[in-house]
Every structure is written in C-alpha cells, then in structure tokens.
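Here is a friendly note to read alongside the structure. Keep the 3D view open and look up each residue as we reach it.

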Amino acid sequence: MTRPFDDTTRRNIAARCAAFARLPTSEPAPALKRAAVAIALTEAADAADGTAVLLTLRAAGLRAHRGQWALPGGRCDEGETQVRAALRELHEELGLELGEENVLGWLDDYPTRSGYLITPVVVWAAAGAAISPNPAEVASVHRIALFDIEQADAFDFVAIPESTRRVIRFRHAGQFIHAPTAALIYQFREVLAGRDTRVAELEQPVFAWK
C-alpha cells in the first residue's frame with residue numbers, strides 16, 4: 001500500500017515510532033564510538049509513489065566504507081546528542097536543514113563491526129525540500145519508496161562461514177544493500193507494521209567489518 005506524502009502519513013508514522021518499545025539507551029562498550037544516522041522521509045521521485053526514505057551511495061574518495069550504501073549520518077561530536085548529530089550530518093551530506101521539531105522518533109541502537117554504536121533517528125522533511133549532495137561525501141542520492149521496503153520479498157537472510165549470525169540483505173535496483181543500513185531500514189519497516197523487531201544480531205558482510 002502506497003503511503004501518501006502528507007500530514008496524515010506523518011502523524012501515523014510518528015504514532016508508530018512513539019509506540020515502538022525502543023531498547024533502553026546505555027553507554028556504549030569502550031570499543032564502540034557513538035554515531036547517528038537519519039532515516040529521512042520525503043516525497044518519492046514519482047509523487048504517485050508517496051513517501052520515501054533517502055539513501056545515499058558514499059563517495060569513492062572517502063577513507064572508510066567508500067562506495068557503500070548508507071543512510072545520512074556519522075560519528076557524534078564530543079558532547080553532541082544523537083539527534084543533533086543526525087540532523088547535522090543530514091545537513092552536511094545533503095544540504096537538508098531540519099530541526100528537532102522534524103524528529104518523529106528513534107529506533108534501537110545498532111553496534112557495527114567497524115566500532116560504532118549507531119542510533120537511527122526518524123525525521124520528516126517538508127515537500128519540496130531542496131537536496132544538495134556534498135560531492136566529497138555523497139556520490140548519489142536515492143529516494144526509496146516506503147512501498148518498496150514493505151514488500152514481503154524486499155529483504156532476505158543468508159549465512160556466511162565467518163559468523164553464526166544471519167546476514168541481512170535489502171534488494172534495490174538490482175543490487176544488495178547490507179547491514180548496518182539494511183538492518184536499520186528493516187527495523188523501520190517493522191515499526192511501520194507495528195512490530196517491535198530487534199536487529200542488533202543481524203550480521204554485516206565481511207567487507208563491512210573494517
């Protein structure tokens with residue numbers, strides 16, 4: 001079912017986020033650094049597709065995770081909250097300047113193999129909000145309709161010899177998007193359906209471990 005990009009959808013998603021039983025926030029393990037990403041909702045490229053989430057392909061010149069799919073985000077600065085970090089990174093990467101009044105909710109923290117504890121922050125961008133990608137960080141920006149992530153076959157799970165945990169994959173445009181991005185989008189999909197599904201144990205592919 002398509003979710004129109006309107007105030008009714010905004011209120012419904014905010015209500016789903018408020019009802020989500022988020023795991024309690026705790027201090028990250030010493031080996032993990034705090035980070036935050038924005039699950040930024042905006043109008044789909046085709047208005048008929050309703051509401052979409054913004055996804056980026058990271059620039060080839062970045063030191064870490066170059067060329068990988070990602071939600072806008074990054075490491076929290078000293079003394080910075082996860083919400084402020086997600087909003088700052090959204091502005092730095094895509095030129096979207098949103099305030100805390102645009103925040104609809106949070107999802108569970110996700111620990112990565114590369115040493116971060118990521119907090120996903122769900123935000124709403126106004127219709128027609130200008131997106132201006134920073135070429136130093138972003139190779140391309142994609143609007144993934146919520147209809148697409150809610151399909152029964154949008155995600156699959158595979159085994160790898162290096163881990164006992166399942167690797168999650170999200171199929172987009174003939175490619176596989178992996179965790180952490182796939183795991184966070186999957187949990188958001190579950191929140192939209194009213195389910196409290198945990199994703200911290202979903203595995204990343206080996207190439208994302210560094």
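1. In which helix is the place of Thr9? Thr9 sits in helix H1, which covers residues 7-19. Please keep in mind throughout that this is a predicted model.

2. Is Thr9 buried or exposed? Its relative accessible area is 6%, and because buried means under 20%, Thr9 counts as buried. Setting aside neighbours within four places in sequence, Thr9 is in contact with Arg3, Pro4, Thr51 and Trp124.

3. Now turn to helix H2, residues 82-94.

4. H2 is mostly covered, with 10 of its 13 residues buried. Among them are Val83, Leu87, Leu90 and Leu94, and also Arg88 and Glu89. Just after H2 comes Gly95, with a positive phi of about 75°.

5. Two backbone details deserve a look. Most residues other than glycine have a negative phi, and most peptide bonds are trans. Ala173, however, has a positive phi near 50°. Ala173 lies in the loop between strand E10 (163-172) and E11, and counts as exposed because its relative accessibility is 65%.

6. The other detail is a cis peptide bond joining Ala179 and Pro180, with omega about 10°. Pro180 belongs to the loop between strand E11 (175-178) and helix H4 (181-192).

Conventions. Residues are numbered from 1 along each chain as its sequence is written. This is a predicted model: local features need pLDDT of at least 70, side-chain atom pairs count only at pLDDT 80 or more; totals for chains, interfaces and linings use all residues. Side-chain values use heavy atoms; hydrogens and water are left out. Helices (H or I, at least four residues) and strands (E, at least two) are DSSP runs, numbered from the N terminus. Buried means under 20% relative accessible area, exposed over 50%, partly exposed in between (1.4 Å probe, protein chains only). Contact means heavy atoms within 4.5 Å. The expected span of a helix is 1.5 Å times one less than its number of residues.
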